[in-house]
Amino acid sequence: MAFGDNYNDLPMLELAGIGVVMGNANDEVKEKGDYITDKNTEDGVAKAIYKFLKI
């Protein structure tokens, strides 16, 4: 699982098993991810981890 929100993160998101895009990313980046979570200011990383680890 990898997290990203900008163009420089695209290679990482594409190579990861699960590419999680932050809610504050632009639409072009969101299209490349497997899952879109909340913004980074809204605990998006933590929410995605909880979702996929089923904690």
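Student: What is the strand order of the open sheet, and in which sense do the strands pair?

Tutor: This is a predicted model, in which local features need pLDDT of at least 70 and side-chain atom pairs count only at pLDDT 80 or more, while totals for chains, interfaces and linings use all residues. Residues are numbered from 1 along each chain as its sequence is written, and side-chain values use heavy atoms, with hydrogens and water left out. Strands (E, at least two residues) and helices (H or I, at least four) are DSSP runs numbered from the N terminus; two strands pair if DSSP finds at least two bridges between them. Here the open sheet has 3 strands in the order β1-β2-β3, with parallel pairing. Its edge strands, each pairing on one side only, are β1 (2-4) and β3.

Student: How many bridges join β1 and β2?

Tutor: The parallel pairing of β1 with β2 (residues 19-21) runs over 3 bridges. F3 stands opposite V20 in β2.

Student: Is T37 buried or exposed?

Tutor: Buried means under 20% relative accessible area, exposed over 50%, and partly exposed in between (1.4 Å probe, protein chains only). T37 has 7% and is therefore buried. T37 lies in the loop between β3 (35-36) and α3. Contact means heavy atoms within 4.5 Å; leaving aside residues up to four places away in sequence, T37 touches V20, V21, M22, G23, G44, K47 and A48.

Student: Where is F52, and how is its accessibility classed?

Tutor: F52 belongs to helix α3 (residues 44-53). F52 counts as partly exposed because its relative accessibility is 31%.
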